[in-house]
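Visitor: Could you take me through this model, beginning with the strands and ending with the cores?

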Amino acid sequence: MNLLFTLNRGYLPVFLPCLRSIIARGGAESYEIYVLHSDLEAADRLSIENAAGAAGACHFIYVDPAIFDIFPETKRYPKQIYYRLAAPSLLPDNLERVLYLDGDTIIINSLAELYGTDFEGSYFMACTHIRRFLGLFNQVRLSLEEEVPYINTGVMMMNLPALRVNLRLEDIQEYALENRHILMLPDQDIVTALYGQHIKLVDSLRYNLSDRLLNLYNADPLHIPKLDLDWVRENTAIIHYYGRNKPWGEQPYMGILDVFYYEAIGVEPSEGRRRGQKARAKGKGQVKT
């Protein structure tokens, strides 16, 4: 199974539990792990290799950050978010598919079904987290000619042969420059605007679940029965702590899905929450892993 990540050194403590959860529960006998980076040092690479163990062959690909100098960047959205868009030209030519995952994901069940899903001609397979109203808002905001799904780019299956032919970094650069004043979530806006017609949607509840999405689902009176932790443990493969609601964040976590993060780092949820409270009280905002 081919996996893709983009990292900077500061995100390593978050990424390592993600990687360990893949090795423990991802469902493959072995993994080819491709890491796009610009600043990992030898000790960082060794930490990643140790987390991958014998099941994961790690490939570190240096990316010149100057390539993305003109792209919009903030503290919350660093240049590394764009590296995944250059992946088709950076990864080995013999790869046909790769699963991209954000480092703030935790894997709790097999990825095999998602990984083996037929692209049916699409460039990406991904999830959407928004309802119709926000979809129409983004359609207007991004000047889309027709309704296309607005996707979360934290989990993406990438059809590499199709992307090598149809994705041009120059087009992405041009779009980013011309539309930088309207970009809110830059990489997601770009993928949706340029390639939305070529995205196959997959089940968000299974492959890109957050507490926000879980709450939205359960708030719908037509959704019976409601989904609980037992359902998640049985049916979901990928928990995604996107946005500001993170078990290791500066604010108390809101929801029930933080239990999977604490299980991944090997502590009881009650202990993990206690550590988080202690860290926030000291102004650190980071749970030790």
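This is a predicted model: local features need pLDDT of at least 70, side-chain atom pairs count only at pLDDT 80 or more; totals for chains, interfaces and linings use all residues.

Visitor: Where is Leu 99 placed?

Guide: Leu 99 belongs to strand S4, residues 97-101. Helices (H or I, at least four residues) and strands (E, at least two) are DSSP runs, numbered from the N terminus.

Visitor: Is Leu 99 buried or exposed?

Guide: Leu 99 has a relative accessible area of 0%, so it is buried; buried means under 20%, exposed over 50% and partly exposed in between, with a 1.4 Å probe and protein chains only. As for the strand, S4 is largely enclosed by the rest of the structure because four of its five residues are buried.

Visitor: Which strands pair with S4?

Guide: Strand S1 (residues 2-7) pairs with S4 in the parallel sense over two bridges, and strand S7 (residues 151-159) pairs with S4 in the antiparallel sense over five bridges. Two strands count as paired if DSSP finds at least two bridges between them. Tyr 100 in S4 is the bridge partner of Leu 4, and Val 155 in S7 is that of Leu 101.

Visitor: How far apart are the C-alpha atoms of Leu 99 and Met 157?

Guide: They are separated by 4.5 Å, although Leu 99 and Met 157 are 58 residues apart along the chain.

Visitor: Turning to Gln 188, which helix holds it?

Guide: Gln 188 lies in helix H9, residues 186-195. With a relative accessible area of 11%, Gln 188 is buried.

Visitor: What lies 3.3 Å from a polar atom of its side chain?

Guide: The backbone nitrogen of Thr 153 lies at that distance from the polar atom of Gln 188. A polar contact is a pair of N or O atoms within 3.5 Å; within protein, one must be able to donate a hydrogen and the other to accept it, and residues adjacent in sequence count only if both atoms are side-chain atoms.

Visitor: How many residues has the largest nonpolar core?

Guide: The largest nonpolar core has 36 residues, and those with the most contacts inside it are Leu 4, Leu 91, Phe 124 and Met 158. Such a core is a set of buried Ala, Val, Leu, Ile, Met, Phe, Trp, Tyr and Cys residues joined through side-chain atoms within 4.5 Å. H9 gives the most to this core, with four residues.

Visitor: And which residues does the second core include?

Guide: The second, separate core has 33 residues, including Cys 18, Val 35, Ile 48 and Leu 99.

Technical notes: Residues are numbered from 1 along each chain as its sequence is written. Side-chain values use heavy atoms; hydrogens and water are left out.
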